[in-house]
Amino acid sequence: MNEMTAPVQKLTIKDFTSDQEVRWCPGCGDYAILKCMQRTLPELGATRENTVFVSGIGCSSRFPYYMDTYGFHTIHGRAPAVATGVKLANPELDVWMITGDGDGLSIGGNHMMHVLRRDVDINILLFNNKIYGLTKGQYSPTSDPGTRAPSTPQGSIDSPMNPISFALGSGARFAARTVDTALKHMPGVFTRAHGFKGASFVEILQNCIVYNDATWADVTNKAVAKDKQLLLEHGEKMIFGADANKGIRFNAKTFALEVVTVGEDGITEDDILTHDETNLTLARMLAELGAEPSEPMAMGVLYADPAETTYAEAVHAQVNEFKGKRTLKDMIYSGQTWEVS
Amino acid sequence: MASEIQELESAVVRFAGDSGDGMQLTGSQFTSSTALEGSDLATFPDFPAEIRAPVGTTFGVSAFQINFGARAIKTVGDQPDVLVAMNPAALKTNLGNLRSGGLLVVDTGAFTKRNLQKAGYEESPLGTPMMDDYQVIDLDISKQTLEAVKEHGLGNKEALRCKNMWTLGMVLWMFSRKREPIVDWLNKKFAKLPDIAASNVAALNAGHAFGETAELNVSIKRYQIGANKTEPGLYRTVTGSQALSWGIAAGGELAGLNIVLGSYPITPASPILHTLSGMKEMGIVTFQAEDEIAAICAAIGASFAGSLGVTSSSGPGIALKMEAMGLAISTELPLVVINSQRGGPSTGLPTKTEQSDLYQAIYGRNGDAPLPVIATRSPGDCFEVAIEACRLAVKYMTPVMLLTDGFIANAAEPWMLPDLDALKPFKVEFAETPGEGETYNPFKRDEKTLARNWGIPGVPGTEHRIGGIEKSYDTGHISYDADNHQKMTDTRFAKIDGIANDIPLQEVEQGEENGTLVVVGWGSTFGPISEAVKAARAGGLSVSHIHIKYLNPFPRNLGDLLKGYDKVLVPEMNAGQLKTVLRDKFLIDAKPLNQVSGLPFKIVDILSAIRAEVSA
Ligand code: SF4
């Protein structure tokens with residue numbers, strides 16, 4: 001009999017789609033992200049057996065159930081810690097972490113900070129819809145002030161946080177942003193995040209059609225997108241706008257980025273900043289861009305500056321340096337012993 | 001004058017001084033010298049919660065007690081026979097416990113007006129009628145030490161630090177113990193500081209010589225305590241934290257799994273994190289997490305990926321881990337949770353011992369969330385119990401709670417080195433790639449143990465998704481079905497209850513299998529209960545001792561066994577937790593004997609409770 005090995009076939013979107021019925025609300029932004037992931041993984045050469053999705057609690061955290069890979073739907077806010085454990089046990093695995101603004105920045109803020117600081121080699125996707133969906137619409141740590149929700153009938157009072165600024169402040173070495181509807185842009189961001197050695201943090205502007213519909217509309221609507229999104233490319237000028245004539249300039253007097261128009265007030269392309277994704281100071285400024293109505297939000301890879309080694313690798317390097325040099329028996333039988341006969 | 005040497009069966013020595021006086025070192029070095037002579041022993045490091053409490057205060061007193069003998073020693077001793085008090089505060093806090101007629105050694109050099117004031121003495125108690133009950137050796141140890149180390153040129157402050165070695169030298173002489181192991185240890189410890197090493201050795205020798213030559217009070221004798229006739233073998237001293245860490249490492253090897261420990265610093269559990277962090281040679285991975293929750297979650301993540309996750313903490317930290325324990329119960333992943341119990345509630349008494357987390361262990365967590373609970377009884381016992389925790393975790397795919405306590409963690413005792421090659425392996429087999437036409441079901445159960453089928457990432461064909469949402473009994477997929485939840489809840493209980501068939505029957509430690517009274521204990525009360533029952537039986541009382549290691553599920557014969565006695569007495573260092581569980585499980589009239597002073601039971605207290613019960 002001939003032993004035949006099956007030819008290695010390229011996996012397809014189908015291979016990464018589980019048999020579970022997807023249970024998000026019709027029209028939820030999560031669907032597009034899921035499809036994009038299922039479509040991108042085969043392109044990355046990912047295998048089902050080496051891919052693990054870890055999530056916390058919330059709408060977005062149901063994601064692992066729909067991927068035909070390994071998946072762990074954990075508890076609220078703790079996905080970064082569980083994912084760290086997975087990598088400590090097996091640094092070879094390709095680990096994706098799915099979280100939301102409530103899960104990742106509120107109840108799990110501490111773990112998020114530390115997984116980024118440690119630079120554990122996982123890809124973190126934070127679905128930011130500025131609301132708690134699964135618990136029926138309370139305001140979240142990224143909600144706009146004045147958000148009227150069941151727990152804030154007069155409008156929320158506290159200031160929102162900026163996920164990318166938080167990530168960079170925590171020591172993230174990779175930070176990127178994309179939009180749930182940007183079906184062309186998102187795969188590129190996933191590919192970069194996947195290829196990055198270390199913790200990659202991706203904020204995805206996601207629409208919750210039920211509890212916070214159109215919260216990103218002033219950035220993502222087709223009609224305004226070109227004027228409200230700055231698509232970053234490393235080494236390229238920061239030019240944007242429907243007429244591709246707006247740009248970002250560094251104003252040394254205000255020590256801030258500002259929007260200028262090429263061809264007006266003597267501004268030329270030379271005045272426009274060129275994106276350097278290894279520049280942390282620049283990344284911090286870009287992260288905050290969009291706070292003013294006149295500013296675009298920065299999309300794409302804001303920052304990517306890999307370290308020499310990642311956390312789990314370094315941990316195992318320490319272990320491997322000593323492993324096998326002494327047995328448990330050596331250890332127990334060493335020191336002061338005496339014989340009773 | 002040459003002193004005569006008197007043979008003693010056992011003795012209790014307590015070293016007490018200021019936190020900065022090095023009493024823990026003195027005690028542990030006296031312990032190693034004593035252990036090498038083959039005496040049995042038990043130690044009790046009793047230190048304050050503050051790292052450096054103000055010098056000379058009563059709350060800054062640190063003490064180390066050792067009970068050693070030519071017979072089996074099971075407790076640290078109710079009352080010291082010898083008390084070394086390095087300052088007035090140490091005298092004040094410890095004198096009350098010294099046996100009447102006992103020997104008191106004090107450093108008069110530390111009895112300054114200021115120190116007396118700080119300890120709350122109006123005038124020095126030395127030489128007053130308060131001392132009449134004791135034999136007192138009052139020496140200016142400070143001065144003697146300065147004299148002894150003079151030639152090594154240390155500053156006054158550093159020279160005075162050698163006081164503890166001078167004292168140790170004298171106590172070694174008093175009990176005819178060898179100095180050599182301590183000299184070796186000092187030379188090794190201070191290898192880079194030869195002046196300090198030489199000074200400490202000089203102080204040790206001077207203290208010893210002082211005993212030998214000085215005209216101490218004639219009534220003071222030299223003692224000899226021989227070797228304990230015990231099982232032949234190779235011995236060493238071991239603390240609970242050491243034995244537990246080694247047991248975890250052994251458990252990992254027997255299961256054929258890597259250990260990943262997630263832990264967060266907390267008193268008195270940190271030594272386990274420290275010990276395992278120093279065991280990279282055995283491939284052990286340790287992770288000092290950002291908090292208690294991350295520590296257990298990382299351990300769970302590691303188990304999901306095919307290692308054996310372990311987390312170690314104390315009561316307050318265990319409280320934080322409860323939700324994650326529920327996740328491990330629901331996803332049926334192996335995990336070992338170690339609780340080194342301390343006084344509670346809340347921050348409670350971090351450095352004092354208690355066994356008040358039994359309810360937390362058995363009944364903690366939201367929902368019906370059963371898990372096995374086992375307890376250690378002594379430092380050496382930790383090795384075996386840790387291995388058993390690993391075995392149950394992987395065999396039954398469940399988190400296991402291992403209860404130890406602050407006393408066991410820090411105490412030391414002689415331990416016969418185990419034959420590691422004789423330990424029975426319990427090698428884990430992960431689910432393999434399914435064959436043609438087959439599919440992998442993560443919740444397919446072993447018929448006998450009800451354990452689920454452990455498949456791990458990296459293996460093709462066993463891809464699966466799990467989480468804390470209820471799962472279908474048949475497929476493991478999410479299920480909100482009412483009957484299914486009933487079935488899964490019943491199954492989770494049946495799995496844990498079934499462990500009763502896989503553990504030894506409960507044995508009676510001492511006494512008959514029926515009679516007037518049985519004293520039932522668990523954990524570190526083993527020593528005092530054992531001694532109290534022995535004394536009661538010697539006095540002709542019908543008393544037995546049962547000590548429970550498996551607290552959930554109980555051994556399957558325990559209920560019948562307990563019903564064979566007229567009365568059941570349960571001494572515990574809590575407000576009566578095992579008592580309640582026993583009443584609940586077996587509908588018996590278990591009587592509590594409770595103490596939550598942060599200190600181990602005294603034999604006499606248990607003995608009088610036994611007498612009262614038997615005669616009532
Ligand atoms: S509640 Fe909002 S986020 Fe959640 S599934 Fe529905 S639309 Fe999506």
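In the predicted model, the two chains meet through 71 residues of chain B and 58 residues of chain A. The size of an interface is often expressed as the accessible area lost when the parts come together. By that account, chain B and chain A bury about 5400 Å² between them, with 65% of this area on carbon and sulfur atoms. Within chain B, the residues that lose the most area to chain A are E281(B), E290(B) and R465(B), which together make up 14% of what that side buries.

Polar interactions across the interface comprise 25 residue pairs in polar contact, both residues being at pLDDT 80 or more, and the count of salt bridges between the chains is 4. In a salt bridge, the side chain of E290(B) meets that of R118(A), with a distance of 2.8 Å from N to O.

The elements that give two or more residues to the side of chain B that touches chain A include helix 1 (23-36), helix 9 (240-255), helix 12 (315-331) and strand 17 (465-467) of chain B. Helix 11 of chain B gives the most to this side, with 8 residues. By residue class, the side of chain B that touches chain A divides into 41 nonpolar, 18 polar and 12 charged residues.

Strand pairing also links the two chains: strand 12 of chain A, residues 337-340, pairs with strand 9 of chain B in the antiparallel sense over 4 bridges. In this pairing, G233(B) of strand 9 of chain B is the bridge partner of V340(A).

Terms used
Residues are numbered from 1 along each chain as its sequence is written. Chains are lettered from A and ligands numbered from 1 in the order in which they are written. This is a predicted model: local features need pLDDT of at least 70, side-chain atom pairs count only at pLDDT 80 or more; totals for chains, interfaces and linings use all residues. Side-chain values use heavy atoms; hydrogens and water are left out. Contact means heavy atoms within 4.5 Å. Buried area is the accessible area (1.4 Å probe) that two parts lose on being put together, summed over both. A polar contact is a pair of N or O atoms within 3.5 Å; within protein, one must be able to donate a hydrogen and the other to accept it, and residues adjacent in sequence count only if both atoms are side-chain atoms. Ala, Val, Leu, Ile, Met, Phe, Trp, Tyr, Cys and Pro count as nonpolar, Asp, Glu, Lys and Arg as charged, and the others, Gly among them, as polar. Two strands pair if DSSP finds at least two bridges between them.
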